[in-house]
Amino acid sequence: MINALAWPLLAGLVISGLLEALLSPRPRPFWQRSVAANGVHIGSWLLLFGVLLLLLQRPWFAAMVALSLQMVVVQSSNTKSHTLNEPFICHDFEYFWDAILHPRLYVPFFGIGLAIAASSASALAIGAFFYWESSLVSRLGASLFVTNALGLIATGTLLLALSLRRLAAITLQPVDDLQQLGLFASLWAYGVALMRAPIPAPEQSPFHALTQVAKTSPDTPTLPNVVLVQSESFFDPRPWCKDVDAQLLPHFDSTREHALLQGALHVPAWGANTVRTECAVLTGIAPAQWGARQFNPYRTLLRHPQPSLASALKAAGYRTVCVHPYLASFYFRHKVMPQLGFDEFIDIEAFNSSDKNGQYISDLAVAGKVGRLLEDDDNRPLFIFVITMENHGPLHLETPNQATLAKTLPNAIWPLADHLRDLAVYLHHLSESDKMLASVKESLDTADRPGLLGWYGDHVPILPAAYKHFTLPDSRTPYLIWSTDDRVVDNGLAGKALTNKASINKDLVDGRAEVSRGKVNRVTVNQTAVNDVKTSERLAMTNEPRELAANELGVQLFKHVFGHTISSDVIKAEPEPQEQE
């Protein structure tokens, strides 16, 4: 029995260590790691081997299956590092199930051919081992077999428990932690950290206090419609790549020139993991405050709702709608969005197949949906949060169109070089996003109410070939806040400057102002309000860019809805932007 187990167990353990050398980034060699990290690796192998042995009854087959599972994680980690600049962590195991439910979003990044080949090889290997390797139960008896298998499981569990207690604290920087600890130890460390991570208290969201501000807002007729667009993979590629046409984003350029606020947004994601940015914008909670939960905060929000921009606006009488032209269950949004204060969630069921541009529902179709919502006036101000999909990868599933190159890559030679193919597809869809921006602005401008538009990118796109040829772009994305008014003047509470489109006279407590034909005559206002107004007017007139962290953007949009006289005691200073993972 000992010989029957020892050789496959030891051979598998050695090979499992060698497989870590295939990781990118590569972990430190075992002799440079801590005793605890090596103990976690050995304990994990004993536990996994013992469980598989108990199930399969064939030691060599159990070792092969264990190594195959490790190889799947290694390949997944390398693919993730290649596309998202982040290795595999324990949170990612749930994405294997998502890959089954949404194969288009995952499998193409591994390669369809590789997936088919791996599946076929696995089927052949299973048949071969069952045919050639006999069961230890039939050879040695059930009692002895079970005793030894449970002994391996118990030894691995004990070693694992002792080693995890002595493992150094992780940094929550996945690249650094993988290199420091190795694959097995980093996976376990992130899992333990996730279980121990405290859930942010509602008071940690700035919208907890801002909800009280919203409840004391003026009557709803004075409040603007608000549209906040999270544009999939939106960034400005022109500073990064000089080959991109300078006139690629005319509507974005024009809107940025006349924006109330604009600049670069520090986002906690690269290439994917949209909900990290999405959650930060909506809740105002910085990624660091989530601890190990920051890598998929929506998993926590399923059972622990937080105050949000939507719930704060809802408290002021807003009708709140989320529009996402994809499956409602993806990232559990159909359950999370109501928790965040949205009255209605409009998903892909509200669109037709004819609304597609490429693989997904087009941005212009989404803009049309936004326009129809704004036309449906029920005497309440409307807040629409839009999560677009058109720019979502995998981009290599689409073929570049030579006819569109004149407006995207005018100097490119056809047929395109490999590093330009995905980029050309992306730029075409990016130009459609620019058209969506113009469409939403027009819908806001023609509505009965004044309007505010927030626009930002959730992360940069996945373009590994282009990044390798040129260079990595700035991980920040653009954002802007734009108003249907001609210029920004704070009215002390409603935060709306009225142009020749409307005239409203209203006295405001602690900040009374007479607003008439776009001019503000202040009656009584405290010095803080005066300074805030001067700052607001200066930014609007000079259009100076201002850097924000993702968790600050929703708060800034709220300020422009309800005014700049909000006390700094209500909105605490936000943390410094987090470094990219």
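Is Lys80 buried or exposed, judged by its relative accessibility? In this predicted model, Lys80 counts as buried, at 9% relative accessibility.

**View 1. The salt bridge between Lys80 and Glu86.** The side chains of Lys80 and Glu86 meet in a salt bridge, with 2.7 Å from N to O.

**View 2. The salt bridge between Arg299 and Glu94.** The closest N and O atoms of Arg299 and Glu94 are 2.6 Å apart, and the two residues form a salt bridge. Because Arg299 belongs to helix H15 (residues 297-301) and Glu94 to helix H4 (residues 94-101), the pair ties together parts that are 205 residues apart in sequence. Arg299 is partly exposed, with a relative accessible area of 35%, and Glu94 is also partly exposed, at 22%.

**View 3. The salt bridge between Arg476 and Glu547.** Here the side chains of Arg476 and Glu547 meet at 2.5 Å, N to O. Arg476 sits in the loop between helix H20 (464-469) and strand E9 (477-483), and Glu547 in the loop between helix H21 (527-542) and strand E12 (548-549), so this pair ties together parts that are 71 residues apart in sequence. Both are partly exposed, Arg476 with a relative accessible area of 23% and Glu547 with one of 48%.

View 4. The structure as a whole holds 17 salt bridges.

**View 5. Two cysteines, Cys90 and Cys322.** Cys90 is buried at 16% relative accessibility, and Cys322 is buried at 0%. The count of disulfides in the model comes to zero.

Definitions and conventions
Residues are numbered from 1 along each chain as its sequence is written. This is a predicted model: local features need pLDDT of at least 70, side-chain atom pairs count only at pLDDT 80 or more; totals for chains, interfaces and linings use all residues. Side-chain values use heavy atoms; hydrogens and water are left out. A disulfide is a pair of cysteine sulfur atoms within 2.5 Å. Buried means under 20% relative accessible area, exposed over 50%, partly exposed in between (1.4 Å probe, protein chains only). A salt bridge is a side-chain nitrogen of Lys or Arg within 4 Å of a carboxyl oxygen of Asp or Glu. Helices (H or I, at least four residues) and strands (E, at least two) are DSSP runs, numbered from the N terminus.
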